[in-house]
Amino acid sequence: FINGKLIPISYITNKVIYFKRVIGKNRNLENYNNRLISELSKLKDVERENEILKSRLSIPVPEKRQLIFADIFSVRGKDASTIFLINKGFDDGLRVGMAVVTAENILAGIVKEVYRNESVIKMPSDPDSMLNVIVSGKKILARSHGTGVEVILDFITSQDQVSIDDIVVTHAVPNIPNALPVFKISGINTGSGKLFKQVKVDQLFNILNTSSVFIIKWETHFLY
């Protein structure tokens with residue numbers, strides 16, 4: 001009854017059908033909007049990847065090397081971030097020891113562990129990282145070792161002329177190209193009568209400003 005009048009069953013049935021149709025249309029509209037959101041997200045990811053690839057294309061790739069694009073999806077570390085994970089792994093051709101670089105050709109790290117579809121990357125500041133390096137433009141050889149908090153350069157003698165802000169690049173590291181920028185000198189302690197200087201460096205790669213990287217794949221890695 002509505003206002004004292006008897007309402008036909010057919011009227012109620014039609015209303016129920018009408019509301020079901022409205023609910024169905026709303027559900028379809030919501031699904032359509034969700035699909036649009038998904039497609040827009042994919043387009044944004046493609047645009048972001050294209051921009052990164054464009055910047056990377058301006059840097060020549062030496063012969064016998066291939067670049068593999070990967071996204072960073074997790075960062076690990078105790079005192080500081082020294083390990084990160086990427087979404088490429090064994091099935092993509094990654095192997096332990098491969099170099100990982102940014103679009104600007106800065107060394108971001110080295111492949112430490114490889115799983116089927118993801119890999120663990122250790123940064124130059126990781127306690128497990130040791131790199132043969134050279135001070136750019138000065139032919140001063142050294143070896144870096146990370147502590148998890150800072151990075152120290154070993155074998156810089158008291159006679160070596162190094163300065164704050166000098167750039168340090170890779171040199172004679174297996175599977176890693178020479179002259180990849182990796183550190184900047186941030187502290188020098190000459191000491192009194194010591195044979196070697198204590199030289200501290202800052203890692204150039206900043207994980208907080210990076211969401212994707214490139215892995216350098218050598219032809220020799222194709223064999224195993």
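**Salt bridges and a buried lysine**

Mentor: Asp166 is buried, at 14% relative accessible area (buried is under 20%, exposed over 50%, partly exposed in between; 1.4 Å probe, protein chains only). This is a predicted model: local features need pLDDT of at least 70, side-chain atom pairs count only at pLDDT 80 or more, and totals for chains, interfaces and linings use all residues. Residues are numbered from 1 along each chain as its sequence is written, and side-chain values use heavy atoms, leaving out hydrogens and water.

Trainee: Which residue forms a salt bridge with Asp166?

Mentor: Look for a Lys or Arg side-chain nitrogen within 4 Å of an Asp or Glu carboxyl oxygen. Here the closest N and O atoms are 2.7 Å apart, and the partner is Lys138.

Trainee: How many residues apart in sequence are the parts that this pair ties together?

Mentor: Lys138 sits in the loop between strands E6 (130–135) and E7 (140–146), Asp166 in the loop between E8 and E9 (strands are DSSP runs of at least two residues, numbered from the N terminus). So the pair ties together parts whose separation is 28 residues.

Trainee: What is the nearest side chain of opposite charge to Lys197?

Mentor: Lys197 lies in the loop between E10 (181–189) and E11 (198–203). Lys197 is buried yet has no salt bridge. With Lys and Arg counted as positive, Asp and Glu as negative, and His and chain ends left out, the nearest opposite charge is 7.1 Å away, on Asp160.

Key
Helix = DSSP H or I, 4+ residues; strand = E, 2+ residues; numbered from the N terminus.
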